[in-house]
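Here is a briefing on one chain, for a reader who works with computed structures. Look at the sequence and the model first; the notes follow.

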Amino acid sequence: MSNLAVKYKKQQHRSQMPKQAPRPVKKAKITLLEKLLYTAFIAFLLYAAVALISNKTMLYEANTEASKLQKTIEKQKTTNNDLKAEVEQLSRYERIAKIAEKMGLKIDENNVKGVNP
């Protein structure tokens, strides 16, 4: 037989054979336990993410508040030091003597008593 005749016979043979339907691919079924485990894992991940963000936010707020308090403390220390310097300046002997002299008070050394330690 010639080559053409062989091809023709093969084609006839193929067309007479019933065509096979493609086999459906079996999908792996996920069991109820696996679904519960996956759901629990996803829920845990979401909870952990929210908890982490919440903790970071609270830590940031606490640090901000601590920084504000530190600034307030430093400002108050500066004010206190300024007031101490002013008290020292106002309590100088020369100033007190000058004010006493304006009010008519005189220093009498005979009337001064010393305190013995």
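**Surface patch and overall picture**

Phe41, Ile42, Phe44, Leu45, Leu46 and Tyr47 form a nonpolar patch on the surface, with about 700 Å² of accessible area together. A patch takes residues with over 30% relative accessible area and no salt bridge; like charges are joined within 9 Å, and nonpolar side chains (Val, Leu, Ile, Met, Phe, Trp, Tyr) within 5 Å. Accessible areas come from the Shrake-Rupley method with a 1.4 Å probe, and for residues only the protein chains shown count as cover. The model is predicted: local features need pLDDT of at least 70, side-chain atom pairs count only at pLDDT 80 or more, and totals for chains, interfaces and linings use all residues. Residues are numbered from 1 along each chain as its sequence is written, and side-chain values use heavy atoms, leaving out hydrogens and water.

**Fold and exposure**

- The chain has 3 helices and 0 strands (DSSP runs numbered from the N terminus: helices are H or I, at least four residues; strands are E, at least two).
- Along the sequence the pattern reads α-α-α.
- Of the 117 residues in the chain, 0% are buried (buried is under 20% relative accessible area, exposed over 50%, partly exposed in between, with a 1.4 Å probe and protein chains only).
- The chain's accessible surface is about 12,500 Å², and 61% of that belongs to carbon and sulfur atoms.

**Helix H2**

- Tyr47, one of the patch residues, lies in helix H2 (residues 32-90).
- Tyr47 counts as exposed, at 59% relative accessibility.

- Helix H3 (residues 93-102) has 10 residues and the number buried is 0, so H3 lies largely in the open.
- Glu94 is exposed at 53% relative accessibility, while Arg92 is partly exposed at 41%.

**Largest pocket**

- The largest pocket has a volume of about 150 Å³ (the space filled by probe spheres set on grid points, which are joined across faces, edges and corners).
- A pocket is an open set of points on a 1 Å grid over the protein atoms alone, where a 1.4 Å probe fits, with protein on both sides within 12 Å along at least five of seven lines; lining residues have an atom within 4 Å of a point.
- Its lining is Tyr93, Ile96, Ala97, Ala100, Glu101, Leu105, Lys106 and Ile107.
- The lining divides into 6 nonpolar, no polar and 2 charged residues.

How values were computed
Ala, Val, Leu, Ile, Met, Phe, Trp, Tyr, Cys and Pro count as nonpolar, Asp, Glu, Lys and Arg as charged, and the others, Gly among them, as polar. A salt bridge is a side-chain nitrogen of Lys or Arg within 4 Å of a carboxyl oxygen of Asp or Glu.
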